Amino acid sequence: MLQPEYAKRLKASFTSDSTINIASAAELAAHKVTAQKEMNTWTWTANDISDMAVGISDHYVWDAASVVVDDATNRRASMQAAFLDSSEDFHHAVQNGRNSLSWLSHNWPGVPYPFPKMTSFQGFADMEYPMMVNDSHTNDVRFSQFVQDHEIAHTYFPFYMGINESRYAFMDEGWATTFELLIGTSEVGKEKAEALYKNFRVDRWIHDASTAEDQPVITPSSELRGGYGNNSYGKPSLSYLALKDMLGDQLFKKPCMDIWTAGMANTQYHGTILTL
């Protein structure tokens, strides 16, 4: 579906640490990128996924690079971005995403990113999907990185683990919130990362006296009539962090690794084919 020059750039990005501009705004406007047929048919195929989403644009610029996510096999994952050329934060999305994929693979949870690619698509609502995050544009490059880190972290919960996030949001949002603090500490330092965590995730909850905010964390999300945000994000994250502090990193990580392995063995989605 790509003309030779653009197919060549995409292929080169699969082994490149540096960001390669696959398609510029001018090239898209000149209709140089895709095959010039009356109709083009794109087919996507993916294995072991529980959900899917597609974003389409005829004017978004396209960047890509890749990063090693598994040192044992030297396997790389592709990091791509599609966005309005005027969105400064998204011009950093590929390199920020490379950092996310590498850090999550090597630190917390320390499980190699399980999919072949990740795409950051400029959209709305800051939402995660297997191999894609749909993020809003902001004028704060650092905050955009913070949001993208969170959404990419969802790769592990719920997608890799295959949990029901609409019923057990404390699992996927709680873990993603925990990971955003841990990776943020490596990106901006402990003081700034903890200040953002406290102001963004904790402050609203501890100053809200309503009983809806005091439901047990394990309460199914679908049954909550109030307090969803705090019960799904900050409260479970604080619990994970408290347990991590109490056990120490080595002991805390051992059962986590056992859970990741057992969970993936029991929740594979074999042979899922997506053709659109």
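Ala-125 is found in the loop between β4 and β5 (127-129), where strands (E, at least two residues) and helices (H or I, at least four) are DSSP runs numbered from the N terminus. The phi angle of Ala-125 is near 85°, a positive value in a residue other than glycine. Ala-125 is partly exposed, with a relative accessible area of 48%; buried means under 20%, exposed over 50% and partly exposed in between, for a 1.4 Å probe and protein chains only. The structure is a predicted model, in which local features need pLDDT of at least 70 and side-chain atom pairs count only at pLDDT 80 or more, while totals for chains, interfaces and linings use all residues. Residues are numbered from 1 along each chain as its sequence is written, and side-chain values use heavy atoms, with hydrogens and water left out.

A positive phi, near 70°, is also found at Met-131, again a residue other than glycine. Met-131 lies in the loop between β5 and β6 (132-135) and counts as buried, at 15% relative accessibility.

The bond from Trp-108 to Pro-109 is cis, with omega near 5°, and Pro-109 lies in the loop between α3 and β4 (117-122). Phe-157 and Pro-158 are likewise joined by a cis peptide bond, with omega about 10°; Pro-158 is in helix α5.

Helices α3 (residues 93-106) and α4 (residues 141-153) pack at an angle of about 45°, with their axes 10 Å apart. Axes are lines fitted to C-alpha atoms, for helices over the stretch in contact, and angles run from 0 to 180 degrees between N-to-C directions. The angle makes α3 oblique to α4, the class left after roughly parallel (under 35 degrees), roughly antiparallel (over 145) and roughly perpendicular (65 to 115). Residues in the contact (heavy atoms within 4.5 Å) include Asn-96, Ser-100, Leu-101 and Leu-104 of α3 and Gln-148 and Ile-152 of α4.

The largest nonpolar core has 43 residues, and those with the most contacts inside it are Leu-101, Leu-104, Tyr-113, Met-118 and Phe-179. Such a core is a set of buried Ala, Val, Leu, Ile, Met, Phe, Trp, Tyr and Cys residues joined through side-chain atoms within 4.5 Å. Among the elements that give two or more residues to this core are β2 (61-70), β3 (75-83), α3, α4 and α6 (169-188). The largest share, seven residues, comes from α6. Not counting residues up to four places away in sequence, Leu-101 touches Val-67, Val-69, Ala-77, Met-79, Tyr-113, Met-118 and Ile-152. Another core, of nine residues, lies apart from the largest one and has Leu-2, Ala-23, Leu-28 and Val-33 among its members.
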